[in-house]
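Here are my notes on this one, as numbered points. Have a look at the model first, then read on.

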Amino acid sequence: MTQTPLVRLLRYGKPYQVQILGAIICSTFRTLFDLAPPYLIGVAVDVVVEQEASLIARLGIQDPLTQLLVLSILTIATWGLESLSQYGADKLWRNLAQTLQHELRVDTYNHLQGLELTYFEDRSTGTLLSILNDDINQLERFLNFGAQDLISFFTRVFAVGISFVLLVPGIAWFAMMPIPFILWGTFLFQLRLAPRYDTVRDQAGLISDRLSNNLSGIATIKSFTAEAYESDRVYQESEAYRRSNGRAIALSVAFQPLLRFFILLGFVLTLYLGGREVLQGQLSVGTYGFMVFIVQDLLWPFTELSEIMDEYQRAMASVRRVMGLLDTPAAMPSGHHRLPLTTIRGEVQFENITFAYNNRNPILKNLSLYIPAKATVGIVGATGSGKSTLVKLLLRFYEVQRGRVLVDDIDIRDLKLLDLRQCIGWVSQDVFLFHGTVAENIAYGSFNATVEEIIQAAKLAEAHEFIQELPQGYDTIIGERGQKLSGGQRQRLAIARAILKDPPILILDEATSAVDNETEAAIQKSLAKITQNRTTIAIAHRLSTIRNADCIYVMDKGAFVEAGTHEELLAINGLYANLWRVQSGIS
Ligand SMILES: Nc1ncnc2c1ncn2[C@@H]1O[C@H](COP(=O)(O)OP(=O)(O)OP(=O)(O)O)[C@@H](O)[C@H]1O
């Protein structure tokens, strides 16, 4: 990647190039008008000293009083225009900052959402949050003020530099001598500062990780009385952040005195060499006075350079992180084959699949499974044997390394990802509910559902009764991750959500593990009706849950070791029969 972060940011702002150009022009004019007072004072002195022979007189206005009046009007106009361009620059830059940060945040989130699951498993929420929030806010700050400062700096230096060369060409080089050194020093300073700010941003991500982790695990922290331990860990992370910032600050503040030294050099050189020329009679006293005065205007902005660069590097460290995220390719390409909900049959086939997470040992080995359309299969097996992994492969959360997964005889890699996932209802092992009302959570994914449909789904999931007892019924806010509900209640909302979706393929992964036996029996009765018309894969440890399945598969270490109906498996008298005996208390 050869493009600098700034170029990338500007390219990102391409649709807003008119506003950006407008903002740059306003900032430039604001600075130019801001520079006018010394020149206006010079002209005023010229009027009162030279009177009829002044600069303004040469324009045809002889009367000194009229000249002063013209000058006053000019001054008022300059101030007015300065205020106007300041207003334009502020408005444009601030709005641009808002628009760009908004677009960048939304785009980054949309891109992030499209990344595959392994991406999220390898990263923590805190880091991603810090990119979406802090880094993008950092950009907003830079665009609000930093960009204006940068333009103002360049405009000042160029404008004053040019007028210096035009007015006193023989001496301008005295004052300008330090500029190449300053620019070279700034370049070196930038090179060294950039990695320090990268570290600062990374450290900000780590502290955000720690905080988000701790806040979500607050109950565990309290139950293990780990408050002091966690306080210490937060302290350590915060301290590391402080130290990394300290390293950036150490470099940043050292640059300012260095700059001042070079500026002083330019000033003293002008003072001394210019003064010597006056003494030798080669320079007029007036020019010398003006030169000493203007050299400050030329060199003084350089003292702000360190602050501007500091702001710039901070922002660019953030841009690098945001762009890094935007550059991450979505490694799970969607196929093109459509699978409309109206025509899908719901036949599912795993054909000799082998799968390993991140090139570890295979979890599933050469496994095959055929589920006819509208059939119900149960999968049982030891914990960690690969049951959940199997259904996640059907959802195409991960890619199989060998073999194929087919829906209606089409390889799911060829299917449009959206179509594939729309035809599957997944009640996962760990239910996730969003902060919002009960009704919103049930209707999640079926956003146009009517209240009646929501209530009907809740009734089928045996959830209606407890929902009615909640303070605001279906409008009760259930808290983040549904933490104001019990485990069994959360599961029932998740089942209701899947029922409402009415998918041709239904996956129930330990969907009723947290409900009591009586509720489970009631849910089973509803599910018997619901599963009649769709392909269902039910994973369960509690065998009563899957007892009535058309076929039950027993999984062990990533392979099926037994298959058949409940009765057939009991007759085999193998693993399943053994489990059944243990669970039903026969042995
Ligand atoms: N995202 C992941 N990354 C790496 N390994 C994983 C991941 N998810 C699961 N595993 C590993 O894959 C194996 C199978 O996990 P899986 O969740 O499929 O088992 P399971 O049969 O559903 O277990 P359980 O009955 O406990 O839910 C386990 O050894 C687990 O550690």
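**Notes on the helices and the sheet**

1. Start with helix α11 (residues 301-327): at 1.5 Å a residue its 27 residues should span 39 Å, and the end C-alpha atoms are 37 Å apart, which agrees. The expected span here is 1.5 Å times one less than the number of residues. Helices (H or I, at least four residues) and strands (E, at least two) are DSSP runs, numbered from the N terminus. As for cover, 19 of the 27 residues of α11 are buried, so the helix is mostly covered; buried means 20 or more other C-beta atoms within 10 Å of a residue's own, exposed means 12 or fewer, partly exposed is in between, and C-beta atoms are placed from the backbone.

2. Two housekeeping remarks. Residues are numbered from 1 along each chain as its sequence is written. This is a predicted model, where local features need pLDDT of at least 70 and side-chain atom pairs count only at pLDDT 80 or more, while totals for chains, interfaces and linings use all residues.

3. How do α5 and α11 cross? The axes of helix α5 (residues 125-167) and α11 come within 8 Å and cross at roughly 145 degrees. Axes are lines fitted to C-alpha atoms, for helices over the stretch in contact, and angles run from 0 to 180 degrees between N-to-C directions. The crossing of α5 past α11 is left-handed, meaning that the near helix is turned anticlockwise from the far one by less than a right angle (clockwise would be right-handed). The contact residues split into 15 nonpolar, 3 polar and 7 charged; Ala, Val, Leu, Ile, Met, Phe, Trp, Tyr, Cys and Pro count as nonpolar, Asp, Glu, Lys and Arg as charged, and the others, Gly among them, as polar.

4. M291, I294, V295, L298 and L299 are buried in α10. The buried residues of α10 pack against α5, α6 (172-176), α9 (227-279) and α11, with contact taken as C-beta atoms, placed from the backbone, within 7 Å.

5. Now the sheet. It is open and mixed, with 6 strands in the order β6-β7-β8-β3-β9-β10; strands pair if DSSP finds at least two bridges between them. β6 (424-427) and β10 (559-564) are at the edges with a single partner strand each, so one side of each has no neighbour in the sheet. On average, neighbouring strands are turned by 15 degrees against each other, direction ignored.

6. On the pairings, β7 (residues 505-509) and β8 (residues 535-539) run parallel, joined by 5 bridges, and L506 has T536 as its bridge partner. β3 and β9 are parallel over 5 bridges, with G378 partnered by I552 in β9. β9 and β10 run antiparallel, again with 5 bridges, and Y553 stands opposite A563. Their hairpin has 2 residues between the strands, and K557 takes a positive phi near 45 degrees there.

7. Is β9 enclosed or open? Of its 6 residues, 5 are buried, so β9 is largely enclosed by the rest of the structure. Helix α21 (residues 575-584) lies across β3 (376-381), β9 (551-556) and β10, at about 95 degrees to β9.

8. Lastly, P503 sits in the loop between α17 (487-501) and β7. P503 is buried, with 22 other C-beta atoms within 10 Å. Beyond four places in sequence, P503 touches C423, I424, G425 and R534. The C-alpha atoms of P503 and G425 are separated by 5.4 Å, though the two are 78 residues apart along the chain.

Notes. Contact = placed C-beta atoms within 7 Å.
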